[in-house]
Every structure is written in structure tokens, then in C-alpha cells.
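Here are a few worked exercises on rings, strands and helices. Grab your viewer and try each task before reading its solution.

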Amino acid sequence: MDDLARSVSVVSSFAITLGLVRLLYLRSDLSLRMRTLIFLLASLLLTIGMLSLAAAIDYEGVAPWVQSTIRFGLAALNFVGAVALWTNLKALVALPSPVIVASEQRRLALELATALQRYEMALRGSNVSIFTQDKELRYTSISKPLFGFPVEQVLGASDADLLGEMRAQPLALLKREALSSNEPRKGEVEVDEAGSQMWYDVHIEPLRDLAGTTVGLTGAAVDITERKENERHLRLLMRELTHRSKNLLAVIQAMARQTARHSTTIDHFVEQFSARLQALSRSHDLLVQESWHGASLHDMVRSQLGHHLDHDNNRISIAGPDLFLKPEAAQNIGLALHELSTNAAKYGALSVPTGKVSIHWARRQPEAGGGFELSWTEKGGPRVTPPSARGFGSLVIERNLARGLDGEVELAFNPDGLVCHVSVPEHHLSLQRAE
């Protein structure tokens with residue numbers, strides 16, 4: 001039985017020693033302190049096994065110094081092991097239990113999952129796409145659909161596969177520059193998505209592994225299409241503003257010249273000219289509110305007749321569908337309405353308490369050429385006699401309005417009240433307000 005016990009002890013000691021050596025080989029990431037303790041334990045067990053083996057064999061066949069040497073080595077290892085144990089006892093006591101380690105792992109995994117969920121939610125709600133690519137520029141990860149393609153179609157594909165060789169060339173060139181220089185790159189690229197032009201602000205950086213070797217690219221693509229559209233509209237607006245300013249100066253110059261021609265005194269000129277400038281300003285206020293896309297005809301009428309509407313709304317009738325005028329038509333119709341209201345207040349229906357003005361407009365049928373017709377009708381005012389000479393107001397209404405709108409203007413000085421009928425072509429109407 002003693003020999004069997006010694007044999008089991010020898011085999012177990014050698015097996016544990018081999019296991020510890022195997023552990024040191026497989027876990028190269030262990031700390032130096034932990035590796036030292038495992039090495040001492042393996043050496044101690046190896047010495048115990050050798051001592052047990054020496055005791056199990058015949059003493060006559062073994063030199064006496066062998067067992068003495070093994071015992072001395074065992075004693076030395078025991079001493080070194082004791083010192084190492086007590087030196088590292090505090091660190092060993094501080095080692096977390098398996099239950100604590102498992103709990104901490106679950107907590108960290110939950111925090112990581114929560115952070116990842118927030119990250120993905122933030123990206124889904126933004127116009128930013130985060131991606132990675134390998135050195136062959138094939139997508140290895142993507143946070144959301146890109147270039148109008150779903151995530152499943154983007155993964156594993158290159159920009160050329162998605163967009164075509166020609167359209168993907170600027171983007172591929174930017175990415176290859178980042179790979180070759182091993183430095184970040186950024187730029188703006190235009191992409192055709194299902195017939196629509198989309199703009200992206202792309203920031204690209206080399207993707208490195210733990211050893212610092214570049215293994216691909218990581219980047220962000222920000223959809224800046226709306227910003228580009230706003231910039232384009234702003235440039236268009238500035239060009240339009242320059243054009244409108246030149247036209248406005250020409251209108252004001254003609255207005256000043258015609259007002260001066262029909263004015264008897266300087267005070268009369270200042271009064272008439274200031275009123276017409278204010279009418280022009282009211283039209284421009286409406287245009288500015290709509291970013292110079294146009295103006296509502298209903299708003300234009302109420303703006304030019306605001307003073308009269310506030311004074312006695314029952315004497316003025318306004319009716320018509322919601323029409324949106326382009327800038328040129330809004331400006332010309334605004335001036336004509338001002339001249340008509342000024343004339344009505346001085347000589348026509350609005351100059352007496354019993355007078356009334358009706359302003360109605362309606363769409364024309366497509367077979368009649370489209371567009372709309374506007375009528376200004378005065379009743380109940382002083383008896384009207386045709387003027388012997390045309391003043392500035394008549395010129396603005398009959399000549400300038402017809403020429404500016406490519407339409408037809410009929411001004412009738414009927415005895416019971418002035419009637420003005422205006423036909424405006426379809427191309428001076430906008431389909432809808434600007435969003």
C-alpha cells in the first residue's frame with residue numbers, strides 16, 4: 001500500500017506540474033506576479049514528486065547525496081514559496097471571487113449594451129452614417145442605410161458596386177488618398193440617388209489594429225443635401241435680388257419722372273411720390289415674407305387697401321380664390337391697386353360716404369388660356385366723366401400693368417363708377433407657396 005501511495009503521489013505531482021507549465025504557456029497575458037507564483041508552485045510540486053520517487057526506489061541503488069540534494073531543493077523552494085506567499089498575500093486576498101467577477105461582467109455587458117443602443121438610436125435619428133472598410137474599400141460595417149441602399153446591400157460592397165465606377169470615382173479617390181498617406185481626409189461628394197442629387201460631407205481616417213497596422217478605413221458620411229439646397233437657393237436669391245434691385249431702381253426712376261411731370265408743386269410731388277414709394281414698399285414686404293417666391297393676391301389687396309379697410313370695411317368687398325402671384329406680377333398689381341385706391345379716395349367711390357368698391361377675381365378655364373381675371377368696380381360715388389388727359393395713375397394701370405404682365409387691361413370711366421378689368425396670363429401664377 002505504501003508503494004502504491006508513493007506511486008500515485010509521484011504521478012500526481014508530475015501531472016500537476018505539467019498542467020501548471022501548460023497554463024503558463026497558454027496564458028501569456030498573465031501578470032508577472034501571477035506567473036512567478038505559478039512557476040514557484042510548479043517547481044515545488046516537481047520537487048515533491050522527485051522526492052517521492054527517490055523514496056520509492058531502493059536506497060542501495062541510489063547515491064545518498066541524491067536524496068539529500070532533493071531535500072535541500074525542497075527546503076529552498078518551501079522557503080522561497082513562503083516568502084512569495086506572504087509578500088503577495090494582500091494581493092491574493094484582494095482577488096475577487098468568481099461570483100463577483102461574474103456579476104461585474106454582467107454589469108459591464110449591460111452598460112456596454114445600453115451605450116451601444118443609445119449610440120445606434122442617436123445615429124438613426126441623425127443624418128450621419130458611420131462606416132468601416134477594409135483595404136479593398138469594401139464596407140465591413142455601417143450604422144444605417146447609405147446612398148439610398150439598405151445596410152444588407154452595403155455590407156461587403158464597394159462604392160463602385162453601389163454607385164457605378166464613374167460616380168464613385170471622387171469618393172474612392174478620397175479614400176485611397178487616406179490609405180496611401182495614412183492620414184485623415186475629408187471632402188464633399190455629390191451622389192446620384194434614384195435620380196436625385198445628394199451631397200455628403202465625408203470624413204475618413206485610417207483604421208488601425210492593436211499593433212498600429214493600418215487594416216482599412218473608418219469614416220463618417222453626413223448628409224448635407226439640405227444645406228447645399230439652401231446655398232443654391234441663396235445664390236439664386238442673390239442673383240434675383242440683384243436683378244430685382246435694378247428693375248426696382250428703373251421703376252422708381254420712371255415713377256419719379258412721371259410724378260414730376262404731373263405735379264404742379266414740389267409739395268405735391270413729394271406727397272405723391274412718397275405714397276407711391278410706400279405702395280411699392282408694401283408689395284416688397286409681402287415678397288420678403290415669402291423669401292421672394294411671390295405673394296398672395298388676397299394679401300396684396302388687403303395690404304394696398306389697408307387704410308380704407310380699417311376706416312370702413314363695409315364699403316369695400318373683396319372676394320376671390322387663393323392665388324399666389326410671382327414677384328413681377330405682385331409688384332405691378334400692387335402699384336395698380338394703389339393708384340386705383342388713391343383715385344377712388346380722391347375722386348371716386350371712396351370720396352363720399354355712399355360709395356362702394358368691389359374687388360373680385362376668378363380663375364380662367366384652361367381652354368380660355370388659364371390665368372385669372374381681376375375686376376375693380378366702383379359704385380355710388382360722384383358721377384364720372386372721362387378725363388381729358390391721362391395722369392400717372394392711368395399710365396400705371398393701362399400701359400405699365402399691361403406691358404409688365406403681358407396681359408389685357410380695360411379701364412372704363414362709366415358714369416356710375418370706374419371699372420377696371422385685368423386679365424393675367426397663367427405664367428404669372430405660382431402653384432403654391434414656398435415651404
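Two strands pair if DSSP finds at least two bridges between them; strands (E, at least two residues) and helices (H or I, at least four) are DSSP runs, numbered from the N terminus. This is a predicted model, where local features need pLDDT of at least 70 and side-chain atom pairs count only at pLDDT 80 or more, while totals for chains, interfaces and linings use all residues. Residues are numbered from 1 along each chain as its sequence is written, and side-chain values use heavy atoms, with hydrogens and water left out.

**Exercise 1.** Work out the strand order in the open sheet that three strands form.

*Solution.* 
- The order is β6-β8-β13, with antiparallel pairing.
- β6 (295-296) and β13 (429-430) each have a single partner strand and stand at the edges, so one side of each has no neighbour in the sheet.
- Now zoom in on β6: two bridges join it to β8 (residues 324-325).
- A295 has L325 as its bridge partner in β8.

**Exercise 2.** Classify the ring pair F147 and Y200, and say what the pair ties together.

*Solution.* 
- Rings of Phe, Tyr and Trp (its six-membered ring) pair if their centres lie within 6.5 Å; planes under 30 degrees apart count as stacked, over 60 as edge-to-face and the rest as tilted.
- The structure holds three aromatic pairs. In this one, the centres are 5.2 Å apart and the planes at 80°, so F147 and Y200 are edge-to-face.
- F147 sits in the loop between β2 (139-142) and α6 (151-154), and Y200 in strand β4 (residues 196-208), so the pair ties together parts 53 residues apart in sequence.
- F147 is buried at 4%, and Y200 is buried at 6%.

**Exercise 3.** Describe how α10 packs with α11.

*Solution.* 
- Axes are lines fitted to C-alpha atoms, for helices over the stretch in contact, and angles run from 0 to 180 degrees between N-to-C directions.
- α10 and α11 (residues 297-304) pack at about 150°, with axes 10 Å apart.
- Angles under 35 degrees count as roughly parallel, over 145 as roughly antiparallel, 65 to 115 as roughly perpendicular and the rest as oblique. That makes α10 roughly antiparallel to α11.

Key. Buried means under 20% relative accessible area, exposed over 50%, partly exposed in between (1.4 Å probe, protein chains only).
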